[in-house]
Amino acid sequence: QVQLVESGGGLVQAGGSLRLSCAASGRTFSLDTMGWFRQAPGKEREFVAAINWGYSTTYYADSVKGRFTISRDNAKNTVYLQMNSLKPEDTAVYSCAASQVRLELPTTLKTQKNYAYWGQGTQVTVAS
């Protein structure tokens, strides 16, 4: 089993920055692709960004490209999401997800059912 715990959420003014962390524990050696998803009030959960554990290939949703950066620290079994130039529409619960399978195609990276493990989420609120 794998456990994922997110941290780093909070309240920030528009234009500000936050860095989210996702710490993995348990059978972390079995993990490959890690992703971030978000769910805004009244909306479906959507893909934000993903990274392949071994080769650091990254992929972003168009809505965050150029503003968000996903990275990982293998030694700490942690994935980060650096969020800059935040907008009110970025307000959501951000969840970390993990797959034991390497996902490479954009369609597979964005598909939630391809991720077997999920964290509880952390709230990000961007005030205008």
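In which strand is the place of R38? R38 sits in strand 4 (residues 33-39), where strands are DSSP runs of E with at least two residues, numbered from the N terminus.

Welcome to this predicted model, in which local features need pLDDT of at least 70, side-chain atom pairs count only at pLDDT 80 or more, and totals for chains, interfaces and linings use all residues. Residues are numbered from 1 along each chain as its sequence is written, and side-chain values use heavy atoms, leaving out hydrogens and water.

R38 is buried, with a relative accessible area of 6%; buried means under 20% relative accessible area with a 1.4 Å probe, protein chains only. Its side chain makes polar contacts (pairs of N or O atoms within 3.5 Å, one able to donate a hydrogen and the other to accept it; residues adjacent in sequence count only if both atoms are side-chain atoms), listed here.

| Side chain | Partner side chain | Distance |
|---|---|---|
| R38 | D90 | 2.9 Å |
| R38 | Y94 | 2.9 Å |

Now to the strand pairings, where pairing requires at least two DSSP bridges. Strand 1 (residues 2-7) runs antiparallel to strand 3 (residues 18-26), joined by six bridges, and L4 stands opposite A24. Strand 3 also pairs with strand 8 (residues 78-83) in the antiparallel sense over six bridges, with L20 opposite L81.

L4, L81 and Y94 are among the residues with the most contacts inside the largest nonpolar core, which has 38 residues. Such a core is a set of buried Ala, Val, Leu, Ile, Met, Phe, Trp, Tyr and Cys residues joined through side-chain atoms within 4.5 Å. Strand 1, strand 3, strand 4 and strand 8 are among the strands that each supply at least two residues of this core.

Note on methods:
Helices (H or I, at least four residues) and strands (E, at least two) are DSSP runs, numbered from the N terminus. Buried means under 20% relative accessible area, exposed over 50%, partly exposed in between (1.4 Å probe, protein chains only).
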